[in-house]
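Hello,

Here is the structure I promised to hand over. Have a look at it first, and then read on for my notes.

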Amino acid sequence: MSTHIKILKQVLQKYSSPMTLNYPSGVDKNRMYSQIPEGLRGFIERDEEKCVGCRACYMVCSGRATKIFDTAEKRTVQVFHFRCTYCAHCEECCPEEAIKMSKKFELTVTDKNDPKAYVNTDLKMISCKACNRPYLPEKMQKRVFERLSEKIDPKVKGIVVEDYHKTEGFCPDCKRARGVMLDTHTKKHVWLEVV
Amino acid sequence: MGLIDRARIYSPWVYHFHCGGCNGCDIETLAALAPRFDAERFGIQLVASPRHADILITTGCVPKQFIPMIKRVYKQTPDPKVVVAIGGCACGGSLFYDEDPENYAILGSPDLLIPVDVYVPGCAPKPEQIINGIVQGILKLNEKATRGKK
């Protein structure tokens, strides 16, 4: 109902002032500068402190605007505004709530490689102890451990944390290869309950 | 600045060129030209032929069947000319663009074929943004006209 009143107000205003929006200048007080609705989805903004580089936004991106570049030192999470469709799937799925759709919509660039058209976040990578392959951002490993220790069943917490520290610093492949040697099976605590 | 240059900058003619895609950006472009947003304040007029135009507005991604047409329309536009790409598809290919494997029907953005001067990203861009892009295009046109004389 309130929206109806709003529309009616706007319609009545049309009779008193010119209809054209006062867009680039913004001097005339009787006219609206720009029409920005409540749920407008503009360019994405990423909080660099919150982002851990978990690739969730990359997995759901429908327009393939989000890309991830891995090097030995850093992981770069990049959004290319030209290919973004503003579907806000990345905002929805981000586990750290680092991505927000802003209300900014003005962007005109004359060059495709203009840094304004990209949103980049750099994250420090850690390499595997055994095979020297960069496999995970440092921040993500920390955060995963925090979340794991929050949610885990207190009965088996001791075993899981102990196993985690045993395999710390190995990439998933090396971890799997050393499973027997280090005695870290994922279902170990289940067997303990059965016995 | 000569009389012809002045006339060109204060009344650039626009040719709206739809390459392909979902028509969303076309609707927004026409809204930008209509009285609510009124891009015609800047002296713009929508023309029906690229032979009369100074600014070429392209919207949408380019299907492979459309490649000869877009090249031809670009050649038909007299110099100096400015190409303004509007929307995510015209800027970077958006949803329709595939790197690997390549899309069998759609090539991607028109800047793979013709030089694009101003990019206006958005899906679809707001009419305000399109006005912003067209004004940038006019500035670019001024630049090109003066450079061509020297």
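Below is what I found, starting with each chain as a whole and then moving to the details.

Please keep in mind that this is a predicted model.

**Chain A overall**

Chain A has eight helices and six strands. Following the sequence, these elements come in the pattern α-β-α-β-β-α-β-β-β-α-α-α-α-α. Its radius of gyration is 25 Å, whereas a compact globule of 195 residues would have one near 16 Å. Along the principal axes, the C-alpha atoms of chain A fill a box of roughly 80 × 45 × 25 Å. Of the 195 residues in chain A, 17% are buried. If you take the contacts in chain A with a separation of 6 or more, 60% of them are between residues 24 or more positions apart.

**The two domains of chain A**

The domain assignment divides chain A into domain 1 (44–127) and domain 2 (134–194). The C-alpha centres of these two domains of chain A are 29 Å apart. Eleven residues from domain 1 of chain A and eight residues from domain 2 of chain A take part in the contact between them. On the domain 1 side, strand β5 (residues 118–127) of chain A gives the largest share, with five residues. By class, that side of domain 1 of chain A holds six nonpolar, two polar and three charged residues.

**Where the chains meet**

How many residues of chain A are in contact with chain B? The contact involves 23 residues of chain A and 26 residues of chain B. The side of chain A that touches chain B is made up of twelve nonpolar, eight polar and three charged residues.

**Chain B overall**

Chain B contains five helices and seven strands. From the N terminus on, they run α-β-α-β-β-β-α-β-α-β-β-α. Chain B has a radius of gyration of 15 Å, which agrees with the value near 15 Å for a compact globule of 150 residues. The C-alpha trace of chain B spans about 50 × 35 × 25 Å along its principal axes. Buried residues account for 49% of the 150 residues in chain B. Among the contacts in chain B with a separation of 6 or more, 83% are between residues 24 or more positions apart.

**The sheet of chain B**

Five strands of chain B form an open sheet with parallel pairing, in the order β2-β1-β3-β5-β7. Why is one side of β2 and of β7 of chain B left without a neighbour in the sheet? β2 (45–46) and β7 (118–120) of chain B stand at the edges and each has a single partner strand, so one side of each has no neighbour there.

Going across the sheet, strand β1 (residues 13–18) of chain B pairs with strand β3 (residues 55–59) of chain B over five bridges, in the parallel sense. Val14(B) has Ile55(B) in β3(B) as its bridge partner. β3(B) in turn pairs with β5(B), again in the parallel sense and over five bridges. Here the bridge partner of Thr58(B) is Ala85(B) in β5(B). β5(B) and β7(B) run parallel and are joined by three bridges. Across that pair, Val84(B) stands opposite Val118(B) in β7(B).

β5(B) deserves a look of its own. Five of its five residues are buried. Both faces of β5(B) are covered, with Val82(B), Val84(B) and Ile86(B) buried on one side, and Val83(B) and Ala85(B) buried on the other. Helix α2 (residues 24–33) of chain B lies across β1, β2, β3 and β5 (82–86) of chain B. This helix α2 of chain B runs at about 140 degrees to β3(B).

Lys71(B) is part of helix α3 (residues 67–76) of chain B. Lys71(B) counts as partly exposed because it has 13 C-beta neighbours inside 10 Å, and the exposed class ends at 12 or fewer. Lys71(B) and Leu113(B) are 42 residues apart in sequence, while their C-alpha atoms are 7.1 Å apart in space.

Happy viewing, and best wishes

Definitions and conventions
Residues are numbered from 1 along each chain as its sequence is written. Chains are lettered from A and ligands numbered from 1 in the order in which they are written. This is a predicted model: local features need pLDDT of at least 70, side-chain atom pairs count only at pLDDT 80 or more; totals for chains, interfaces and linings use all residues. Domain bounds come from an automatic or database domain assignment. Two residues are in contact if their C-beta atoms, placed from the backbone, lie within 7 Å. Helices (H or I, at least four residues) and strands (E, at least two) are DSSP runs, numbered from the N terminus. Ala, Val, Leu, Ile, Met, Phe, Trp, Tyr, Cys and Pro count as nonpolar, Asp, Glu, Lys and Arg as charged, and the others, Gly among them, as polar. Two strands pair if DSSP finds at least two bridges between them. Axes are lines fitted to C-alpha atoms, for helices over the stretch in contact, and angles run from 0 to 180 degrees between N-to-C directions. A residue is buried if 20 or more other C-beta atoms lie within 10 Å of its own, exposed if 12 or fewer, and partly exposed in between; C-beta atoms are placed from the backbone. The radius of gyration is taken over C-alpha atoms; the globule rule is 2.2 Å times the number of residues to the power 0.38.
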